[in-house]
Amino acid sequence: MPGKLKVKIVAGRHLPVMDRASDLTDAFVEVKFGNTTFKTDVYLKSLNPQWNSEWFKFEVDDEDLQDEPLQITVLDHDTYSANDAIGKVYIDIDPLLYSEAATVISGWFPIYDTIHGIRGEINVVVKVDLFNDLNRFRQSSCGVKFFCTTSIPKCYRAVIIHGFVEELVVNEDPEYQWIDRIRTPRASNEARQRLISLMSGELQRKIGLKVLEMRGNAVVGYLQCFDLEGESGLVVRAIGTACTLDKLSSPAAFLPACNSPSKEMKESPLVHPPSHGCRSTHNSPIHTATGSRLTQNFSVSVPTLIYTGMGSGSAGKEGGPFKALLRQQTQSALEQREFPFFTLTAFPPGFLVHVGGVVSARSVKLLDRIHNPDEPETRDAWWAEIRQEIKSHAKALGCHAVVGYSESTSICEEVCILSASGTAAVLNPRFLQDGTVEGCLEQRLEENLSTRCGFCHIPYDELNMPFPAHLTYCYNCRKQKVPDVLFTTIDLPTDATVIGKGCLIQARLCRLKKKAQAEANATAISNLLPFMEYEVHTQLMNKLKLKGMNALFGLRIQITVGENMLMGLASATGVYLAALPTPGGIQIAGKTPNDGSYEQHISHMQKKINDTIAKNKELYEINPPEISEEIIGSPIPEPRQRSRLLRSQSESSDEVTELDLSHGKKDAFVLEIDDTDAMEDVHSLLTDVPPPSGFYSCNTEIMPGINNWTSEIQMFTSVRVIRLSSLNLTNQALNKNFNDLCENLLKSLYFKLRSMIPCCLCHVNFTVSLPEDELIQVTVTAVAITFDKNQALQTTKTPVEKSLQRASTDNEELLQFPLELCSDSLHSHPFPPVKAVTVEKASPVGDGNFRNRSAPPCANSTVGVVKMTPLSFIPGAKITKYLGIINMFFIRETTSLREEGGVSGFLHAFIAEVFAMVRAHVAALGGNAVVSYIMKQCVFMENPNKNQAQCLINVSGDAVVFVRESDLEVVSSQQPTTNCQSSCTEGEVTT
Amino acid sequence: MTSELDIFVGNTTLIDEDVYRLWLDGYSVTDAVALRVRSGILEQTGATAAVLQSDTMDHYRTFHMLERLLHAPPKLLHQLIFQIPPSRQALLIERYYAFDEAFVREVLGKKLSKGTKKDLDDISTKTGITLKSCRRQFDNFKRVFKVVEEMRGSLVDNIQQHFLLSDRLARDYAAIVFFANNRFETGKKKLQYLSFGDFAFCAELMIQNWTLGAVDSQMDDMDMDLDKEFLQDLKELKVLVADKDLLDLHKSLVCTALRGKLGVFSEMEANFKNLSRGLVNVAAKLTHNKDVRDLFVDLVEKFVEPCRSDHWPLSDVRFFLNQYSASVHSLDGFRLECGGTIWAHCNLHLPGSSNSPASAFQVAGTTSVHHHAQQFFLYFQ
């Protein structure tokens, strides 16, 4: 009996009028946890009742504490008939179960009803007294912290990163139970909400147990999803990365952290996996594995392996043995693990050694063939199969680990596509194993050798490449081989050198499919999948070239299945990595060169393409030659960066010639136009409109090339649904519609947020679903962050100077503040050099900080403002405390759709309500922001004829407390430089 | 391809001031889009009409959802659904409760009833303000009226407290409520030259000096109703014109004081008796509701118009009125014979005003011949 939950109901406000006669309400509250229920007194005739109840005490097992939500129901007392429910509040008490998080939940919660939405608010106080549990066979996992953030949380240090944890639970969907025919929609919705809440509690507890088994204390990059399988059940599944985290109490704590990654690390899989560049091999693009059948159910697995832009030859002389050694060590560290997967997308510096490329696998399953739908075994087997495949793909790329790993499903009727993708990588075992000061130094030495380009070097053997690739020597170190293009699912490593700015690149694709049943359907889908993957890939590659860039980060390919079509949407952030070769242009070739006018047409197109490339290079400030030669391109065997700098200058002339040579050799990317389809493709390439000036967009955490963020942020969700007219159902028309939909949506966003210019849309996350035959739904969640234009301009004007400065500052930092630097730079240093520039320029306090201070202070001063962001940080602020995970699921239904303003009015209100409830929960935990916020699901169904609509939304994120940098400075003005430096870095960190 | 659903929801609710104004002005989405296109926004931002349409719809939807909260502004501050910075909240409220000068002149002093609401389409046609906007403004008046009607304490404070309006707007609303409650006639042709500002000024002074609230601000009172007893007492002023000696004496006092100071002295001297009679009669009649309603009409007829026909400059009118009321004190007979009761009454009811010289019923009308805009104010101390 290890826990006592105490709840107090204080008051209500803005309650709805429940008694028409008096225009008032006689409200009381039921507090339920598990099977115990308490009631408050009835507060007569008031819309703002003051219950001030006693403390209701529940004595419960900690297992229940983890699984069950606290359920608070507000009712209107009625003497003669049944009491009417006003609404409910579900409170997840999990954050109270770990010591460092919140100690009390207290605040105003919106009272939510699935039919009427929010109806007033209730003030509740919740506390938990936990007793120590000595039972070692316990089923609970209290104390394991969960983070949605896909990097090591800001105020923690990773002692060990244990690796992949996953869990899956299944239940019957209440919506499909027989009883649903006789109960009210409200009862059915509430049953569903409660069930999912229970299931996610259970899931979290089970994952926690696995983490404890691994001797970890936290799960980072926790991603929980639910699959509405319909008849066959409701699945809640989650993946994450188990870690042992240490709280950093003060900056000083950084020191031991960095110096002693500790002996324990031997166990840790904290090895740097090199990710493979996906190679967009035009000729031999895809490896399709044969469909495999699971024993009792039909399934087609469509494992596609795409290697894009792979390239690093393990060429260097010492590279060979080193690599072998590395591999050995890594292997030993990772071998014990079934799946050496990491859901993280950003890592401590030095963690990532090489990146191989994107690996992905898909599999088509039939849900109605599950023998025991109520048991998780079948689904477990499905996922295991896919993960196995991912693992073998990674192996093929010479990697032992997969980072930036994620899983998703798309369900239509009884067909389900399971997808998994990640980035094959080689991780650094030394970093883990020699956790001493010595190790740290060595580490740094090594970093100096390969910093900024190391991760681009190919992890596989040059002579034994898994696919044809075009390799060149790294443009940075000149020692190792790199691919010509690199695709990854992770964020841009903080130490990577990028030229110019990045941009959002999307590939969009629709394919019609015949309506079919069961196996025929599944087969049709799995036959289409490889072609879609291929085309999506080609599109990405073309667009990347068109932008004059050579690497993609944060790649996410989503394939959605509908009744009569398949949709593919790939989003990624393109950048120009200094270490990779300059991309060749796009060459158009016609198949029938005899026709004169045709020829002319071709050359016209070619010209347009070349113009676009030139324009894009200007737009994104990609001007590699000077920069790469002068600053980055030095061979530098020495660890001292300062000397490197000098040397690079002296040697630059040599390199230029070398560079030119390679340019000359490079094959241009050839597009053949032999039919109208190809023509279409070229056209669509050119139709993508760049964002208006002052706007940038990316789908990674931070926009490469922008670093002077100011503190204004605006998170938003935008949803669009279009109806296709059934007449124009050809692939091309479909593609065009889909393309227009996405482009218009982006345009709309740019227009709406124009007041924030100059700003950047970060973490742009598109989700496509096909709710009905002719409906396409696109949901976008992103955050707009403003940045300082002046600074940006300066940067553009003097790129060389800046980078010089950058390098030198970097150096000085290293020399002058070894201790402080250690703390930050080694652990969470997304843009260390750049930030340093700011600090350096401004005298003691720093320009950047001044700017931050001048930013709207109201956000901070007003009570109750809660910021939400899909990023793991808040610009201009430092996260001081993580309060726990927010994981909420809501259903809203209406039977008066027209009266609520149609579908748009209904969904608009619902999303606003969801935001409100998330904010209220965070505020009640004592937080002032949600980071790593994600809307994982937004399932919208309508029936306008019946005037009905229903929507399900699942959101999650980490509740945090943040402090503005400007406030921090006041506190510690003694060491302005160090301080502001650390705070800056902290604030901007991506890790 | 038709758009079924198109929404944008920000964590901080986006408010576009221009669109808000269009919405308040009662334009439909289509009209608003057309107006925005005309404003050249497309060229500035490089957006398309479709984008503009979607943006406008979105804002309209947000405003529609906010409207319910704007009906009770304190709710807007405490609600959790829309995260809006305080400055924006204030702007939303202030703009929502702002009204058109042209509209308010039409409704000022009318009963805020369903009947009046039915006439709004006429007002809409007459003023060129959309019916939607008229309805909003009318409903705002009515809502504020209903809330503060039965409330004690200062009218302006009450309005500010319950509607979170700026000081200026709250004063205007106090005037509107005051006029609506007393049903002062303001719509006659003769009064057309007076602006809402003029009436608001009068209302403020009347609230300060003529209402129950002015008499005793502590006790159960309201700023909305005129003090009946006070109006009753005004009857006794009749002596100023009824008693021939008193009238002459008064006249001579005023004339002596003003000789040489007025540009229109001779006209004044000639007209003194008429003017005085007019003023006093207006004051004496105020015991009847009907006459209270016609207060402004009567004043214009009996005082302002004669002055205007004689081309009194504004400053002269002010001089005259000041002197007119000041001289009353020096009237021995007035003070001794019958004035005593009045002043006793007045002083009784005006404990706080003992330090200021009690003046009689004072009507100050100011005429500006040049501008043809006249303003008059009346107050009683």
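## A buried loop residue and its surroundings

A:Thr700 is placed in the loop of chain A between β27 (695–697) and β28 (709–723). The model described here is a predicted one. With a relative accessibility of 3%, A:Thr700 counts as buried. Its contacts, apart from neighbours within four places in sequence, are A:Asp491, A:Phe553, A:Gly554, A:Thr573, A:Cys762, A:His763 and A:Leu871. The C-alpha atom of A:Thr700 is also separated by 8.8 Å from that of A:Leu504, a residue 196 positions away along the chain.

## Other loop positions in chain A

A:Lys45, in the loop between β3 (36–39) and β4 (56–60) of chain A, has a positive phi of about 45° although it is not a glycine. A:Lys45 is partly exposed, at 48% relative accessible area. A:Glu413 occupies the loop between β17 (401–412) and β18 of chain A, and its phi is likewise positive, near 50°, in a residue other than glycine. A:Glu413 counts as exposed because its relative accessibility is 56%, where the cut-off for exposed is over 50%.

A cis peptide bond, with omega of about 0°, joins A:Ile757 and A:Pro758. A:Pro758 belongs to the loop between α13 (731–752) and β29 (759–769) of chain A.

A:Ile179 lies in the loop between β10 (156–171) and α2 (185–213) of chain A. Together with A:Trp178 and A:Ile182, A:Ile179 forms a nonpolar patch on the surface, and the accessible area of the three residues together is about 370 Å². A:Ile179 itself counts as partly exposed, at 30% relative accessibility.

## Strands and the helices packed on them

Strands of a sheet pair through backbone hydrogen bonds, in either a parallel or an antiparallel sense. In chain A, 4 strands make up an open sheet of mixed pairing, in the order β9-β11-β12-β10. Its edge strands are β9 (145–146) and β10 of chain A, each of which pairs on one side only. Within this sheet, β11 (residues 218–230) and β12 (residues 233–247) of chain A are antiparallel and share 10 bridges. A:Asp227 stands opposite A:Val235 of β12(A).

Helix α2(A) lies across β9, β10, β11 and β12 of chain A, and runs at about 135° to β10(A). Helix α5 (residues 377–396) of chain A packs on the sheet and touches β10, β11 and β12 of chain A, its direction making about 135° with that of β10(A).

Elsewhere in chain A, strand β16 (residues 352–366) is mostly covered, with 15 of its 15 residues buried. β16(A) pairs with strand β18 (residues 415–427) of chain A in the antiparallel sense, over 13 bridges. A:Ala361 has A:Ala420 in β18(A) as its bridge partner.

## Salt bridges

Side chains of opposite charge can pair when their charged atoms come close. Across all chains, the structure contains 43 salt bridges. The table lists three of them.

| Salt bridge | Closest N to O distance |
|---|---|
| A:Glu743 and A:Arg508 | 3.0 Å |
| B:Asp58 and B:Arg61 | 2.6 Å |

A:Arg362 is in strand β16 of chain A and A:Glu533 in helix α8 (residues 518–546) of chain A, so this pair ties together parts that are 171 residues apart in sequence. A:Arg362 is buried, at 3% relative accessible area, and A:Glu533 is buried at 1%.

The pair of A:Glu743, in helix α13 of chain A, and A:Arg508, in strand β22 (residues 498–512) of chain A, links distant parts of the chain, 235 residues apart. Both A:Glu743 and A:Arg508 are buried.

B:Asp58 and B:Arg61 both lie in helix α4 (residues 49–70) of chain B, 3 residues apart, which is about one turn of the helix. B:Asp58 is buried, with 3% relative accessible area, and B:Arg61 is buried, with 13%. Through shared partners, salt bridges join A:Lys752, A:Arg754, B:Asp16, B:Arg36, B:Asp55, B:Asp58 and B:Arg61 into one network.

## Chain B as a whole

Chain B has 22 helices and 3 strands. Of its 381 residues, 51% count as buried. The accessible surface of chain B is about 17,000 Å², and 52% of that surface belongs to carbon and sulfur atoms. Among contacts in chain B with a separation of 6 or more, 68% are between residues 24 or more positions apart.

Technical notes. Residues numbered from 1 in each chain as written. Chains lettered and ligands numbered in written order. Predicted model: local features only at pLDDT ≥ 70, side-chain atom pairs only at ≥ 80, totals over all residues. Heavy atoms only, no water. Patch = residues over 30% accessible without salt bridge, like charges linked within 9 Å, V, L, I, M, F, W, Y side chains within 5 Å. Areas by Shrake-Rupley, 256 points an atom, 1.4 Å probe, with all protein chains shown as cover. Salt bridge = Lys/Arg side-chain N within 4 Å of Asp/Glu carboxyl O. Helix = DSSP H or I, 4+ residues; strand = E, 2+ residues; numbered from the N terminus. Buried < 20%, exposed > 50% of the residue type's maximum accessible area, 1.4 Å probe, protein only. Pairing = 2+ DSSP bridges. Contact = heavy atoms within 4.5 Å. Axes fitted to C-alpha atoms, helices over the stretch in contact; angles between N-to-C directions.
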